[in-house]
Amino acid sequence: MEVTQVLLNAQSIDGAVRKNAEESLKHFQEQNLTVFLLLLSGELVSEEKPVETRKLAGLILKNALDAKDQQRKVELVQRWLSLDGNAKSQIKAGLLKTLSSPVSDARSTASQVIAKVAGIELPHKQWPELVGSLLSNVHQLPAHAKQATLETLGYLCEEVSPDVIDQDQVNKILTAVVQGMSASEGNTDVRLAATRALYNALGFAQANFSNDMERDYLMRVVCEATLSPEVRIRQAAFECLVSISSTYYEKLAPYIQDIFNITAKAVREDEEPVALQAIEFWSSICDEEIDILEEYGGDFTGDSDIPCFYFIKQAIPALVPMLLETLLKQEEDQDQDEGAWNIAMAGGTCLGLVARTVGDDIVPLVVPFIEENVTKPDWRQREAATYAFGSILEGPSPAKLIPLVNVALNFMLSALTKDPNSHVKDTTAWTLGRIFEFLHGSAVDSPIITQANCQQIVAVLLQSMKDTPNVAEKACGALYFLAQGYEEVGPSSPLTPFFQEIVQSLLTVTHREDARESRLRTAAYETLNEVVRCSTDETAPLVLQLVPVIIMELHNTVEGQKLSSDEREKQSELQGLLCGCLQVIIQKLGSSESTKYLFLQYADQIMGLFLSVFACRSAT
């Protein structure tokens, strides 16, 4: 069997050729696994072969060692361990040899396969010489082989758990990696591979981080790498700092001032991928301190041995102004793009974590920024001010926030309908949602929503649900929390007079042509469900009237029309939402005797529909 040709055919654009080649490979693998794996490693190691087949051979080799499915993975591990010893030695020798290939794809593939083999063998005390032979490679060799070897050490640390490699070898790995990172290493690719390898090796460095001298040295090397002229090295170095911030939080005190200076400079001046990691460092520190403070509760005395260093509390006079600056670096279209992530969003997220970490202390640092920018002619300033306000609503006490909200609420309701900029409206609706989520409800003493302003709030949100999909989706979210806050109000809810109109508006949203954008349809149904769930007995007759409406909608989705695959996906999504809505209605009406009896007239019909949904081939 001519392996090279079959591997080329397996990548053919002609479907039939490709299928045929895949069948042959599968058949051969089942017939004689040992020879099959030897041929693949021979292909990967041979410099005469085309790069596409070398890469694919390595990939198939890798997939023969590992699988996502746990049971399959166990089978593959056993299969490899029971393979003929000479064959395994030959394959492993070939893999190590490939690390010095001039072809980068071949090297990189070999790195990954070596790590997979090590992941199987090292825990079984096999291949003890691997780390030694990799380390001897790092010290000589052309730069590209050095780079591949460091990459392999990185993958190796990702694959095996720290207890598999003894401390003496860990020390040698760290030494090699740190040498590869140092400024005296002339080759950028080597330095980058070393920095990425350190990221994976940090979990192995517990003992080294407990030794002051070694820790100082490692921290210095990482901090120097954040100043590298190569952007990818700077990014990788900040990724190391982020990892250190959570793994070795309790060791950071001597370095935190220097790290602040480095991160602040990166956030203000560096390229976006680097600046994002620099912000992430502080978000990670917040996560650590929030966890510690939650675990120890608020009742410890000042001098107890709680392992919190209050880095954030000490940093806020400088950290908060830096984060507020980032809020002004929005992207024009970030609201439409679901996966968007940029400096402004990272800064706002971090600001929210800071608020949860330090509570009331953040408020006086942010209020002047809001007051100064919220009425400016430039939309970026208005949006940043609104985003800053929304970000600090979780963490500080209601006593500190409610006076601000009472001043801001009218202004925001007006901005949501009248601001000319869609970004500002999007963030305003999000902020209103956060106000209702954290500062409205039975747990809050002084209500921000009163008989006087309830009607206006509902009117503004319903109006806003006709806006562009991203703004409408946030308005639905705000209404969701508005309804949730009235869950425990007793026999009569302030929303009762508007119940019919709210339900009608939400149903109208679900029928918008553009309802699939920005998750709008899903948000409208989630909100409808919450409005029903939190409604009181006095609106039960109206909930009952909703039943035939939802039944009809669900009926329309199971009618046997021929659909394209895109429409079918849309249809099963809609079925899921409608079934969810019926579930909430059934629970609501089924919970009291009077409504239960009236609801029963629909039970047969609903049961029939549910069975039809089960029968839909594409039903999720």
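**Entry 1, layout.** I began with the domains, whose bounds come from an automatic or database domain assignment: domain 1 covers 1–127, domain 2 covers 211–297 + 307–331 + 340–396, domain 3 covers 423–535 and domain 4 covers 546–619. This is a predicted model, in which local features need pLDDT of at least 70 and side-chain atom pairs count only at pLDDT 80 or more, while totals for chains, interfaces and linings use all residues. Residues are numbered from 1 along each chain as its sequence is written, and side-chain values use heavy atoms, with hydrogens and water left out.

I took the centres of domain 2 and domain 4 over C-alpha atoms and found 47 Å between them. The C-alpha atoms of the chain fill a box of roughly 80 × 65 × 45 Å along the principal axes. I then looked up the secondary structure and found 30 helices and zero strands; helices (H or I, at least four residues) and strands (E, at least two) are DSSP runs, numbered from the N terminus.

Of the 620 residues, 51% count as buried. Buried means under 20% relative accessible area, exposed over 50%, and partly exposed in between, with a 1.4 Å probe and protein chains only. I also looked at contacts (heavy atoms within 4.5 Å): among those with a separation of 6 or more, 71% are between residues 24 or more positions apart.

Next I checked the length of H14. Its 17 residues reach 24 Å from first C-alpha to last, close to the 24 Å expected at 1.5 Å a residue. The expected span is 1.5 Å times one less than the number of residues. I listed the buried residues of H14, which include Arg 234, Phe 238, Cys 240 and Ser 245. The buried residues pack against helix H11 (188–201), helix H12 (206–209), H13, H15 and H16.

I stayed in helix H14 for Ser 245. Is Ser 245 buried or exposed? Ser 245 has a relative accessible area of 0%, so it is buried. A polar atom of its side chain lies 2.4 Å from the backbone oxygen of Val 242. I also found a polar contact of 2.6 Å between the side chains of Ser 245 and Ser 284. A polar contact here is a pair of N or O atoms within 3.5 Å; within protein, one must be able to donate a hydrogen and the other to accept it, and residues adjacent in sequence count only if both atoms are side-chain atoms. Not counting residues up to four places away in sequence, Ser 245 touches Leu 252, Phe 281, Ser 284, Ile 285 and Glu 288.

I noted its buried residues: Ile 256, Ile 259, Phe 260, Ile 262, Thr 263, Ala 264, Ala 266 and Val 267. What covers them includes helix H13 (212–225), helix H14 (231–247), helix H16 (272–296) and helix H17 (311–326).

I looked up Val 221 in helix H13. Its relative accessibility is 8%, so Val 221 counts as buried. Leaving aside neighbours within four places in sequence, Val 221 is in contact with Val 178 and Met 181.

How do helix H5 (residues 70–81) and helix H7 (residues 104–121) pack? I get an angle of about 85°, with the axes 10 Å apart. That makes H5 roughly perpendicular to H7, a label for angles of 65 to 115 degrees; under 35 counts as roughly parallel, over 145 as roughly antiparallel and the rest as oblique. Val 77, Trp 80 and Leu 81 of H5 meet Val 117, Ile 120 and Glu 121 of H7. Axes are lines fitted to C-alpha atoms, for helices over the stretch in contact, and angles run from 0 to 180 degrees between N-to-C directions.

Most residues other than glycine have a negative phi, and I went looking for exceptions. Lys 125 has a phi near 60°; this residue lies in the loop between H7 and helix H8 (130–138). At 71% relative accessibility, Lys 125 counts as exposed. Ser 518 has a positive phi of about 50° and sits in the loop between helix H25 (499–510) and helix H26 (520–533). At 18% relative accessibility, Ser 518 counts as buried.

Finally, I checked Glu 338, in the loop between H17 and helix H18 (343–358). Glu 338 is in contact with Ser 518 and Arg 519, leaving aside neighbours within four places in sequence.
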